[in-house]
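Work through the exercises below with the sequence and the model in view, and try each task before reading its solution.

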Amino acid sequence: MKPNIGSRIYEFIVSYFSLSGQLVSQQEAEANIREGVSFKGTNILILILAILIASLGLNTNSTAVIIGAMLISPLMGPIIGIGLGVGIHDFDLLKRCLRNLVMAAGFSVIAATLYFLISPVNEQHSELLARTSPTIYDVLIAFFGGGAGIIALGSTNKGNVIPGVAIATALMPPLCTAGYGLATWQLNYFFGASYLFIINSIYIAFATFIGVKLMKYHGMSNADSARATRVRRIVYALAILTMLPSIYLTYGMLRQNKFTVDADNFIHAECVFPDTQVLNRKAYTENGKKYLSLTLIGRTLPIDSLRGALTPKLKFYGLEGTHLIFIQGGNSDKTQTKGTDAYSPSVDDIYRLAQSTITRQQSRIDSLENVIAMSKATLDDGPAVAPEIKVLFPSVSSIGISSTVLTNPATLDNDTTAVALIKVKHNLKKEERKKLSEYLQARLNISRITIVEM
């Protein structure tokens, strides 16, 4: 009974993935793919117009326009044709698809470059920046998209899969970004976007090749088996070599993301001040060093003390070695990080620095004035009580009163006390010392005083 139930469950699940009766013939699927391989006449004109539309969308940071351009673009044809050519050992088809793809990509980059050369808006937007740092996720998107594409082309129910694959794999925007990089001579944009386009092309073709094999398409009868084996090895090698840089870029992205999360945790837990709020924060890496910049608003805090208190706590949040930068009142304490002689402060920078310095010095002056006032008060106490002491305690010939700090050597605890230094004509009796102590406590409004005879 148990094996019977297990087999039924297996058959029930497999029935949902069965492709029997849903696939078109190999000849029909091949005809559909070969039809989209050609890049002449209307196809090349449509491609150039789609590139210009995508460039406008990137220029204006409009996602809707970019999606429209991807739907118009006929770039998917030769890429899927490459996968089919490798899968069925049709090397003439493979060479034709490669040639058409190179020509299409070349025309696309040239059209985008010309557009951005004459465009009055050359500001970098998020849609442009997103095309310059491909990661392993872009590899997976291209691979799964290519898999969906070949299944749709080989099935009777194609639906809207191919347009969806064109949007998901985003073949057009990287070519536009590469043109932007050439037009503005920012080669990091050109190489980053070109790498993303290569990833998309190779992994869509690779997924198509695997799909052709899984659907058991028959190879060309006159194909050279040794050549077919060599081509397959080249395909596998290209797939692996193309993936490696994306893995490294993904590692960098994950490290930056962890750094940002750790920085947020540190700020929420440690950067809580009574009269000062963290208005903005920025965690970034520059020249191999990590920085955490905090913009503070509210009561001005002493930056040196702030850094001294917070820096030792960074290691508990995985941020050891991070440089803290504080900005408050429009003033930043960030030291020069880009070169040694390239930075020249403006008048505004000098003014802000002077204002910050004045604020810190004024705070120190206020603190010292408080100390001086306390010391002066104790210095005035002796002359104030001297006439009364002369009448009440004739044996005291002179008196001086000061405040001092006593430290317990065992516990290192500090205690502030008042000390009265007196010169006497003869040693005071115990009762006289007690009366003098009580008099000075009441007269000076203090809780305790130590009398020292000289």
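Axes are lines fitted to C-alpha atoms, for helices over the stretch in contact, and angles run from 0 to 180 degrees between N-to-C directions. The model is predicted, so that local features need pLDDT of at least 70 and side-chain atom pairs pLDDT 80 or more, while totals for chains, interfaces and linings use all residues. Residues are numbered from 1 along each chain as its sequence is written, and side-chain values use heavy atoms, without hydrogens and water.

**Exercise 1.** Describe how helix H2 and helix H5 pack.

Solution. Helices are DSSP runs of H or I with at least four residues, numbered from the N terminus. Helix H2 covers residues 26-35, and its axis lies 9 Å from that of H5 at an angle of about 140 degrees. Angles under 35 degrees count as roughly parallel, over 145 as roughly antiparallel, 65 to 115 as roughly perpendicular and the rest as oblique, and H2 is therefore oblique to H5. On the H2 side, the contact (heavy atoms within 4.5 Å) is made by Gln26, Glu30, Ile33 and Arg34, which meet Ile80, Gly81, Leu84 and Ile88 of H5.

**Exercise 2.** At what angle do the axes of H5 and H11 cross?

Solution. The axes of H5 (residues 76-88) and H11 (residues 187-214) cross at roughly 45 degrees and come within 7 Å. This pair is therefore oblique as well. Among the contact residues are Ile80 and Leu84 of H5, with Phe209 and Val212 on H11.

**Exercise 3.** In which sense do strands S2 and S3 pair?

Solution. Strands are DSSP runs of E with at least two residues, and two of them pair if DSSP finds at least two bridges between them. S2 (residues 289-298) and S3 (residues 323-328) pair in the parallel sense over six bridges. Leu292 stands opposite Leu324 in S3.
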